[in-house]
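Reader: I would like to go through this model term by term. Please set each value against its definition.

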Amino acid sequence: MRLEPKPAPSMAVTLLYPAMAILATFVIAAILVMIAGAAPLQVFGLVIKGAVGSQFALVETLTRATPLIFTGLAIAVAFRAKLWNIGAEAQLYAGAVMTIILGTGAIAAPAGILIPIIIVGAMTAGALLLLGPAILKTRFGVDEVVTTLLLNFIFLLFVSLLLEGPLKDPMGLGWPQSERVVAEARLPRIIQGKRLHYGFILAIFSAIAVWLIMAKSVLGYEMRAVGHNPEAARFAGIPVNRVLVKTALLSGGLAALAGVSEVAGLKGNLTLDISPGYGYTGIVVAMLALLNPLGVVISAIFVAGIFVGADAMSRSAGVPSYISDVMVATALLSMVTAIMLTRFRIRWR
Amino acid sequence: MLLDAFDILLTTGFWVAAIRIASPLIFATMGELICERAGVLNLGIEGIMTVGAFTGWFTVYAGGDLWTGVMVAALCGAMFGLLHGFLTVPLGLSQHVTGIGITLLATSLTYFTYRVALSESTSPPKIEPFQPYPVPGLSEIPFLGETLFMQTPLTYLAFITVGLVAWVLYRTPLGLAVRAAGENPVAVEAQGISVTAIRVGAVMVGSALMAIGGAFLTMSAFNSFFFEMINGRGWICIALVVFGSWRPGKALLGAILFAAFDAYQVRLQQVTGGVIPYQIFLMLPYILSIVALIVVARRASYPKALMVPYQKGER
Amino acid sequence: MTAQSNGEVVLNLSGITKTFGPLIANDAISFSLKQGEVIALLGENGAGKTTLMNILFGHYVADSGTVTAFGKELPKGDPQAALDARIGMVHQHFTLADNMTVLDNIALGTQKLFWPSFDRAKARQRIVSHAEDFGLSVNPDALIADLSVGERQRVEILKALYRDARILILDEPTAVLTPHETDALFRTLKMLVAKGLSIIFISHKLQEVMAVSDRVLVLRGGKLVGEERTAETDRKALAGLMVGEEIKPPQISEPQTGKTVFRLENVSAKGVGTGADLHDIFLDLKAGEITGLAGVSGNGQAALAALISGTLSPTKGRIHINGETIGSWSPRHALAHKIGRIPEDRHAVGMIGDMSVTENVVSERYLSNRFSKMGFLNWGAARRFAESIIHDFDVKCPSPEARVRLLSGGNMQKLILGRAFDGDPQMILASQPTRGLDVGAVSYVHAQLLKARARGAAILLISEDLDEVMTLADQIVVMSKGRLSAPSRRGARTIADLGTLMAGHGFESASNTAPKEPDHAA
């Protein structure tokens, strides 16, 4: 068996294989549902109903999609330059911590000033957190996959330390949680009384901005060149290491926005469980979107829908909600296979 | 207090614990080492250890005996290895992305299965784990006997595995082929050996060892399965392979050093009595891994074809 | 070398056809090889020689046709089958693992894979005895990385002999050897034939074909276009068969030598990859001249090319451009000083295969006002630039949006030429610019280099092909073990002289005289 490059694939093929990847995901999920002793079609019906079947469901899905758009963008940007940032989880918490530090009364300013300060501060924190692994990679040749992964564990322990120490809420009855951010630091709700907040709008704007950077800007061009072939990029005069560092800063900053959005938009304070692995799920979101920043919005909503729908389904049908994690992981693997198949054909002999 | 901190090193209890903590790391590090020696980075390690931890334990819980549990864990690990191997070797997909995908899939599938199989139980059920088995004669050696030869059979197996891996890699024709596949796959294909078979095979065997490493946690170190019990051990093993310069002996040494450090920080926590936040101690193993990577990265002689996909007839 | 031939057919290829998409790589090729015979398989790059050998070796599966060895048909697509049939191959790019020993490389795959022990003593004894029998001395415990190119080739040949090969195929074996090493190889081949082996010798060099073969098969465009007994043909007739149409040798006028554009003064640098470090290099490149650099690969050419390209910085010495000493050095500095660069490896270094033609051609100057403003790219201008290169350099590609990976080697090289020649560079570094190209593309590249020379560019041509260097270069320098010889004008040194230098002899005086050299041109 060997792989041969295909000539430029048609639009139909480019969409067909990813569609088949999604289909394969559902087939595998159906098998698992049957193993769990439920009827797949009924379960999928419940998932869809739970994800988009009502205004409540839809709002919930978009709310859940918001952090995923940010982490998905962070990964899409990094992976384009083949900077394997698996540390979006830690960068998210870095953004969240910064939101608490700046937003719990340290700065007294109206919302119009305080929120931008928080955003800039949080992005800086996230960027700096990824700067370390990026420099270790470019200076010492240390694989960033392992360092970013290990940093996730280190930073989560650091957050735990903060929440039991300097950032602990004195009124928190001993729970490891922070004080709530002041009203001026809160991202307002889009619809009064619903959980969906302006973090979602910020996410959409971020996606458009990232798309502009990737498709139109010099930096985006440099990042793609470095990702595809660093040696050729270096030969052509592209400063590979500097581009990787810039990529790291952008990626870390974007992931940190997920933390801002969750703390200032949704939860109001920081606990150790504000992210159920959004940093890791961002990898799937980015890959499902074929690393396209605008596609990230769609795939984030899709993935969020599966999570929200599966939660709802799980309560009524008794199939463990972990089915959503399985589906997301399966989607990732079948999608990377599908991308390969759009670009190469397999010759068996 | 300083004296106390030093005294820890002289207690047998400390070294017994260090060897126990090292055991799962030894299995998984050997597994990753085999994969990388053949040229494939296996980031599925964290998930595959989770699978091993669950399936081994569950087999015993469902009535199988302990060694059957180990076999089942190895087999399940090998199946995920097959998937990783198939996607990364003949299909040539990114080893980074695929590995992360395998970890996500293996972990979530394990949790799903756990919930389906044990939906009714709230606290995790316990099994009767491997018991320490004093090796006749050897266990009576003062200090050394107590630390090394009063362990469970799985720990002995871990040490045997290191010898076996080293033997196969350096003393057999198969090991030669595996190492060559990681250095220059073209050389292997030119001598009539299938690179695909060697690499996929190595990933399967390696993954089986990772799964046994996971199973050690539920069947020897503890006696039940918890969510997130692997807790980054897989990633640490990847660092240990680099630290050991891809050599079984050095990697073993690295795993023991690391485990000793881990055991030490737990005891140091008790000695320091809460003056330093416990999180600092918990962070140390991860920080140590990163430091180890930085120290050796410059002079590491990694397998030349690591992470380089190979296509037949391409030269 | 026909003494041992008893006429028995040992290998027979019949009706081999292989297509890759629309390309017919092999078109119904049939021939047979007799025992004790040396067949030369002659053809240009892209004629289908390598594909044919890959089919013989089971790396590719033919669409139709059969391979029979010693009367038995070989199963398709099984590399082991060819080895079992006692066919050995010495590839052009060696198939050796650098970090392993000679013994490990040779014995790899020769013992039962699933066996608890590896009989090193037996393997060593066998290697030593074969090495003695065939006069191929190597140290079994040496690391491949520490061996010279000639020694590595000996290991490749030993690998085949170790497996009792009766048929030996050598793919362009002399491409990487010095003239002396080539002679040694030919002596080895004679000895092999004397011991009854049969040999297929793949080459595009006529004089070698005439020297070693009994019979010549000529491939062109995937077809077998001629089969001649070597004794009954001559170089001219073979050249006609090989190329089909007559390619006129380039017309070379007297150089219009100008001032020194680029000068390396006492420069040392770290080697690139497994290549040699550079030691105390003096080099003068003058406007309107082609300087040819000859040498066996791995002797520091890659480092010198990287140094001039800007990807490598000197550890010692100075770079002067137009008389000015250069402070900091990088690809961007090289480009800013109007140095056009054609890299040795167009796939890995020259182009980014997964990006489009447009994206590739602007990669050296995307920061100029022409292609970007305020950090954003002007894709319209980039596309127009790509279209102009496609037009001016006659690049065959579907559109400027096509991925470069899908282009042929020749078209890729034309894109690189278009990119490098944009803005009429004052100096051009051409590193192995014709390697792997077919005849038409080779003459196109040569013509472009000569055109640049005519308009006054200083050109450094680094090539392993001594003929190419001797044809094009106005002055020749030779590189060996990271040192550069004193230059000589066209025709001043014979092939034998150059060969001596390539083998590393006669350099002691060269380094000392080099600094004085610039005076005579000033």
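**Terms and values**

Author: Chain C is divided into domain 1 (9–243), domain 2 (260–338 + 425–521) and domain 3 (354–423). This is a predicted model, in which local features need pLDDT of at least 70 and side-chain atom pairs count only at pLDDT 80 or more, while totals for chains, interfaces and linings use all residues. Residues are numbered from 1 along each chain as its sequence is written, and chains are lettered from A and ligands numbered from 1 in the order in which they are written.

Reader: Where do the domain bounds come from, and what separates the centres of domain 1 and domain 3 of chain C?

Author: The bounds come from an automatic or database domain assignment. The centres of domain 1 of chain C and domain 3 of chain C, taken over C-alpha atoms, are 39 Å apart.

Reader: Why is A:A183 called exposed?

Author: A:A183 has 11 other C-beta atoms within 10 Å, so A:A183 is exposed. The residue lies in the loop between α6 (144–164) and α7 (198–216) of chain A; these helices, like the others here, are DSSP runs of H or I with at least four residues, whereas strands are runs of E with at least two, and both are numbered from the N terminus. The C-alpha atoms of A:A183 and A:A111 are separated by 8.0 Å, although the two are 72 residues apart along the chain.

Reader: What makes the unit of β19(C), helix α15 and β20(C) right-handed?

Author: A crossover is right-handed if, with the strands pointing away from the viewer, the path from the first strand over the helix to the second runs clockwise. β19(C), α15 (residues 439–454) of chain C and β20(C) make a β-α-β unit of that hand.

Reader: Which residues does C:L461 touch, and which core does this residue belong to?

Author: Contact means that C-beta atoms, placed from the backbone, lie within 7 Å. Not counting residues up to four places away in sequence, C:L461 touches C:I290, C:T291, C:G292, C:L293, C:A430, C:L449, C:V469, C:L472 and C:A473. A nonpolar core is a set of buried Ala, Val, Leu, Ile, Met, Phe, Trp, Tyr and Cys residues joined through C-beta atoms within 7 Å. The largest one has 390 residues, and B:A211 and C:L461 have the most contacts inside it. Helix α10 (residues 195–221) of chain B gives the most to this core, with 16 residues.

Reader: Why do β2 and β5 of chain C count as edges?

Author: The open sheet has 4 strands in the order β2-β1-β4-β5 (chain C), with antiparallel pairing. β2 and β5 (72–73) each have a single partner strand, so one side of each is left without a neighbour in the sheet. β1(C), residues 9–20, has 8 bridges to β2(C), residues 23–34, and 5 to β4(C), residues 64–69.

Reader: How many residues of chain B are in contact with chain A, and how do they divide by type?

Author: 39 residues of chain B are in contact with 39 residues of chain A. The largest share of the chain B side, 13 residues, comes from α5(B). That side divides into 25 nonpolar, 11 polar and 3 charged residues, where Ala, Val, Leu, Ile, Met, Phe, Trp, Tyr, Cys and Pro count as nonpolar, Asp, Glu, Lys and Arg as charged, and the others, Gly among them, as polar.

Definitions and conventions
A residue is buried if 20 or more other C-beta atoms lie within 10 Å of its own, exposed if 12 or fewer, and partly exposed in between; C-beta atoms are placed from the backbone. Two residues are in contact if their C-beta atoms, placed from the backbone, lie within 7 Å. Two strands pair if DSSP finds at least two bridges between them.
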